[in-house]
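Please open the model in a viewer and keep the selection tool at hand. The stops below go from the whole chain down to single residues.

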Amino acid sequence: MRRLPPVLIEDGCSRELVSLIRTILAACKEISFRVGQGALSGVLGSTLDENIQGETQKKLDVLSNQLLKDILLESGYVKAIASEEEDFTVAGNPNANYIVAFDPLDGSSNTDINSLVGTIFSIMEAPEGSDPSDQTIFMQPGHKQVAAGYVLYGPSTMLALSTGKGTRLFTLDKTHGSFLLTQDFAQVPEDTKEFAINASNQRHWTPAMQSYIADLLEGETGPRGKNFNMRWIAAMVGDVHRVLCRGGLFTYPEDRKDPNKPFKLRLLYEANPMAMLVEQAGGIAHTGRERILDIQPEEIHQRVGVILGSKNEVEVCLGYHK
Ligand code: F6P
Ligand code: MN
């Protein structure tokens with residue numbers, strides 16, 4: 001394989017932003033190592049705690065969060081961080097220009113079965129003169145992200161990164177510890193015959209989603225006139241990676257299982273960064289009501305419906321929601 005240069009992020013990014021991304025990647029390399037060690041690292045299984053969202057914390061959630069938090073706050077490049085595993089935002093360097101929201105280990109229920117997990121991150125500019133302990137500095141719509149990415153800890157460790165000029169894929173060369181560019185300008189195919197949804201929630205979906213999926217399942221003799229295949233990794237990072245590589249529609253839609261919790265995925269550190277990566281690769285990311293990147297956040301751990309992927313297929317799905 002041709003060797004391509006390690007994470008090159010020219011594209012007019014500030015040196016500080018490039019250094020910040022490299023800082024995040026340094027923590028991700030460590031997480032990659034720990035995840036790869038599996039049972040040998042003694043960090044599989046759960047802690048006795050729950051995070052603020054009532055989810056059981058895995059030991060690897062806590063470890064990944066600590067690694068990212070420590071390295072980011074020590075780096076001096078961030079004014080504040082927001083993490084899935086932190087109840088509130090954490091203040092950093094008051095003079096720094098960037099803020100970072102992250103999901104330290106997405107899909108962490110997969111850790112104990114040696115399946116896909118990943119780190120998702122979103123970088124925005126801190127408003128000038130803002131107070132690092134003011135949570136509202138994170139209340140910016142996703143189209144303000146200056147960079148977004150994920151690191152997928154799979155058979156190989158891969159980085160998907162966008163700084164607003166396309167989405168690039170890199171593979172970690174574990175022999176010398178660098179992320180090497182392996183796909184410049186990923187493009188999500190416009191059409192697809194593949195979808196991803198947790199079908200066990202079917203009875204709780206909205207009527208619009210029920211009828212869209214019912215039509216897909218009818219296959220070539222139904223209204224869509226073609227057979228569809230289904231995939232579900234139970235880690236958004238894995239499902240979105242497949243969409244970036246070969247297209248598809250991924251959704252975690254609104255449901256009525258728990259009236260107090262109609263959505264599952266979090267806006268700031270799951271939906272927004274994935275939406276930027278997918279849009280920058282030619283796909284669409286929507287809630288069914290609006291473009292994800294246009295949502296004005298109101299809370300750090302706010303949840304949203306997510307429908308993303310191949311342009312033409314997402315448009316068909318959105319047609320059912322009108
Ligand atoms: O972070 C939430 C998450 O783990 C996503 O990564 C994933 O897509 C989804 O939840 C899985 O949900 P479920 O447990 O319903 O399959
Ligand atoms: Mn997650």
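**The two domains**

The centres of domain 1 and domain 2, taken over C-alpha atoms, are 23 Å apart. To see them, colour residues 2-183 as domain 1 and 194-320 as domain 2; these bounds come from an automatic or database domain assignment. Their contact (heavy atoms within 4.5 Å) takes 46 residues from domain 1 and 32 residues from domain 2. Between them the two domains bury about 2,900 Å², 63% of it on carbon and sulfur atoms. Buried area here is the accessible area (1.4 Å probe) that two parts lose on being put together, summed over both.

This is a predicted model, in which local features need pLDDT of at least 70 and side-chain atom pairs count only at pLDDT 80 or more, while totals for chains, interfaces and linings use all residues. Residues are numbered from 1 along each chain as its sequence is written, chains are lettered from A and ligands numbered from 1 in the order in which they are written, and side-chain values use heavy atoms, with hydrogens and water left out.

**The sheet**

Switch to a cartoon view. Helices (H or I, at least four residues) and strands (E, at least two) are DSSP runs, numbered from the N terminus. In which order do the 8 strands of the open sheet lie? The order is β4-β3-β5-β6-β7-β8-β9-β10, with mixed pairing. At the edges are β4 (90-91) and β10 (178-183), each pairing on one side only; two strands pair if DSSP finds at least two bridges between them.

Next select β3 (residues 78-83) and β5 (residues 98-106), which run parallel and are joined by 5 bridges. Within this pair, Ala82 stands opposite Ala101 of β5.

**The manganese ion**

Select ligand 2. Which residues coordinate the manganese ion? They are Asp103 (OD), Asp106 (OD) and Glu270 (OE), at 2.0 to 2.2 Å. Donors are N, O and S atoms within 2.8 Å of the metal (3.2 Å for Na, K and Ca); water is not among the atoms, so sites may look incomplete. In sequence the donor residues are spaced D-x2-D-x163-E. Asp103 counts as buried because its relative accessibility is 1%, and Asp106 is buried at 5%. Buried means under 20% relative accessible area, exposed over 50%, partly exposed in between (1.4 Å probe, protein chains only).

**A last residue**

Finish at Gly222, in the loop between α3 (207-217) and β12 (229-230). Gly222 is buried, with a relative accessible area of 13%.
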